[in-house]
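This report goes through one structure part by part. Keep the sequence and the 3D view open while reading.

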Amino acid sequence: MAVFNLTINNTDYKVDVDPQMPLLWVIRDFAGLTGTKFGCGIAQCGACTVHLNGDAVRSCSVPVSAIGQQKIVTIEGLSEKGDHPLQKAWEEVDVPQCGYCPSGPIMSAAAFLKDKPQPTDQEIDNLMSGNICRCGTYNRIKKAIHLAAQGGKS
Amino acid sequence: MSTSTINRRHFLKIGITAGGGLILGMEYLASCSPSGSNAPAAMQTLNAFIKIGTDGLVTIMAPNPEIGQGVKTALPMIVAEELDVDWKNVIIEQAALDTDKYTRQVAGGSGSVRSSWDPFRQAGATGRQMLVNAAADKWKVAPNTCTTEAGMVFHKDSGKKISYGDLVEKAATMPVPKDVKLKDPKRFKIIGTRIGNYDTKAIITGKQKYGIDTKREGMLYATIIRPPAFGQTLESFNQDAARKYQGIKDVVTFDNKIAVLGRSTWEVMQAARSIKPVWKDDGTLESTADYKANFNKTLEQLPKESKRKDGNIKKGLAAGTKTFEATFECPFIPHNPMEPMNFFADVKADSVELYGPIQLPDKARNTIAEKFKIPKEKIKVGMTRMGGGFGRRLMTDFVEEAVAVSQLAKAPVNVIWKREDDMGGGFYRPMALYKYKAATDSNGRLIAWHHHSVGVTGNTSREDNFPAGAVPNLQVDTHEYKSPVTTGPWRAPIHNYIAFAEESFLDEIAHGVGKDPVAFRLELLEQAKAQPVGKMDYNPDRYAGVIKKVAQMAGWGQSKPGVFQGISAHFSFQTYVAQVAEVSNVNGQWKINKIYCAVDCGTIINRSGAENQVEGAMIDGLGHAMFGELTLTKGKPDQTNYDRYRLIRMREAPPVEIAFIENNEKPTGLGEPALPPVAAAIGNAIFAATGHRLRSQPFMNSEAVFSVQKQQSEV
Ligand code: FES
Ligand code: FES
């Protein structure tokens, strides 16, 4: 049990929890931000992806005690109005089926597009293969990432 | 051919909404019998709701559970089309379970659109006619001189026009018209177009709520420890350590299970780990190898009764100039919805609230009423959008557990399953073994076909499916193998595997008699059309239609250097699907380059949603054929998370090309039918390339063909 001060989407939160509690559960159950999803709990599916100082991490596998001063951004904080190029592309391409996974691939792609603004198919394959979409929307995800990379023009 | 039989009578309920506007509710007593599926027999009342505000906004209720199959968008599109409103003025609301108002609030059997097509069109058209009648009355003109478009009524001769919003209050007082005319499909403006998933905006901003996100005042999170192996029971456990964990509020036990309750998900899961229960069994826990041995033994004899008998199988097989035999092994596979199982229950002294992801809300309510002796009227069921289900959420075990826990703990609870609980929790696609025998005559025509199978389920066949109808001597024999492992419908139940077995076997026969696999199938369908044998649940022309279409798309029979093709076709949920897979060798590994797919599902409602379903089903079918297998060691699942159970990932998903047969037939199933054919298309392409037949899944185990890399570590 320990008290942690966290900054999630520019809002400060104070929680009193086990230092081992994964960030995912702090975000979901204590900060009440449920856009970050639980899929496996063992860093295999990517459903829980958030940004830690701008890098994509699997929040199910980062203990809250490891966060320190790092800024956390979740899907709710990716953009003010839900208009990040990837969010717009997800809408344009009509990617979701069940819609449970998307925050994972969107957060993963948002982080890597900063380093690789014009990824090739193969780079997308490699960078996105840590995100499982059980509904099989992979081709649409790929299309949406290309669309976002091209500034929304297909 | 007809999709399902719908007899109905209907009547309308009209009322003014509190905020002004018309509520149009339409009730149908419908009896509908989807065939070829594990869909529950439906004979319920259907009621579609339309609310029109004085501001012209139209609210359409979505009565069916949304599981990613797109019905929350597609069903209201049907109503909006006939009502003649602009889609941008439509608001969709998910309805709760209400069997007085609605019928078939079901997500399953690929049946939502096909059973709703007629009644939802009627509901929209009746609403439109009432608005027209109201305008005509106001203008003192004949209703048939008025037209509608995008939420307005027009009178051409006088140039008058008025919006629906300005008419609703009057319309609500008009008598309900009978036998309204439906739109000519040529005039469809919404149906057949591409409309984005209604919830996408909420989904991509993290606002969409799923069952797992449910949190209420005073609610406790709960996790349940269940017997780790099928066939075990709880002997004893010590809860002292668990109770000391931070945030833990209670520990309860029921039905050989232990539930830990507390203020957060992780804390209850963590505390549960400190409980080390003692389990016992009767010493007969089975492993995968036991199933295999016992299945083989079972198939040494025929069952007492056949599922289907045409002609004389013995004579047919004996008369063949060539005979064929093949065995196919089908593993258990879990559903693995992306959203792990969960459910909310709040059991109070005089009422129960249930809320969560459920494909059969009515069945859940009935089960709870019966099991917990609670009057049905006291049970309220709300449905959340579901993070997938694939059949798992047709069960009610997870609802029963939530109710038991809430009752014992006297608190509202959300029971959340770890992935390990979800994957290890049963209701799997049944493990099965299939043995086929066939014979051809001197012209290479199929004259005998014997299906003999055993599996952990009641019926491992779809006895009236193709090639039944096309073969003079055909017999289908199945055995049920009793096991403590629970099984259940898994996306396209049974179809998802027999399509692989039968389409592979047909391919083998075609090659064996030196016929082109496409031509061979078309010849069989010709035969079924000219001289049908016994009951046949497909239309040979539509079947042949998709085969011809996909052959043309893929350039079948034209040489593409280094590229090998395989074809497969299957009919399920009244929909015809044919696929051609292309493989080629890249640096010593066989790679799937592309899969072509032709679909005849009648009228397309939402083209974007339809393509998404077809593509998703193909990737799903491919992924499970390649990698899906759950094995057991002494009744205990060996794979319970994604580190050991491999799901298809982006780099393994090939491009697909999809075409729909354009016709005005009634819409048929689409959530499932594109899944079954894909495995055989790949297997047949691999045969074309290597001469090696894939006869068991997952293909990953066939090292001879796929030197696929083992599960990659985290990217
Ligand atoms: S829940 Fe974190 S990677 Fe799956
Ligand atoms: S949309 Fe369902 S898991 Fe990706």
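## Two domains of chain B

Between domain 1 and domain 2 of chain B, about 1200 Å² is buried, and carbon and sulfur atoms account for 63% of it. On the side of domain 1 of chain B, E66(B), I67(B) and L97(B) supply 48% of the area buried against domain 2 of chain B, more than any other three residues. The structure is a predicted model.

The contact draws 15 residues from domain 1 of chain B and 16 residues from domain 2 of chain B. There is 1 salt bridge between these two domains. E66(B) and R385(B) form a salt bridge through their side chains, at 3.9 Å from N to O. Sorted by class, the side of domain 1 of chain B that touches domain 2 of chain B has 9 nonpolar, 5 polar and 1 charged residues.

## How chain B is divided

Domain 1 of chain B covers 6-195, while domain 2 is made of two pieces, 211-280 and 341-416. Domain 3 of chain B also has two pieces, 289-332 and 428-710.

## Chain A against chain B

How many residues does the contact take from chain A and from chain B? Chain A gives 57 residues and chain B gives 66 residues. The area buried between the two chains is about 5100 Å², with 54% of it from carbon and sulfur atoms. In chain A, the residues that lose the most area to chain B are Q97(A), R134(A) and Y138(A), which together make up 16% of what that side buries.

The rule finds 4 salt bridges across the interface of chain A and chain B. A salt bridge joins the side chains of R134(A) and D620(B), at 3.0 Å from N to O. Between the two chains, 35 residue pairs are in polar contact. Among the elements of chain A that each supply at least two residues to the side touching chain B are strand 2 (11-17), helix 1 (23-30) and helix 5 (138-149). By class, this side of chain A has 27 nonpolar, 16 polar and 14 charged residues.

## Confidence

The model scores ipTM 0.98 and pTM 0.92. Chain B has a mean pLDDT of 90, and 91% of its residues reach 70 or more. Over residues 1-23 of chain B, pLDDT stays under 50. Residues 708-715 of chain B also have pLDDT below 50. Where pLDDT is low, predicted coordinates should not be read in detail.

Methods: Residues numbered from 1 in each chain as written. Chains lettered and ligands numbered in written order. Predicted model: local features only at pLDDT ≥ 70, side-chain atom pairs only at ≥ 80, totals over all residues. Heavy atoms only, no water. pLDDT = per-residue confidence, 0-100. Contact = heavy atoms within 4.5 Å. Buried area = accessible area lost by both parts, 1.4 Å probe. Polar contact = N/O pair within 3.5 Å; in protein donor to acceptor, adjacent residues only side chain to side chain. Helix = DSSP H or I, 4+ residues; strand = E, 2+ residues; numbered from the N terminus. Nonpolar A, V, L, I, M, F, W, Y, C, P; charged D, E, K, R; others polar. Domains from an automatic or database assignment.
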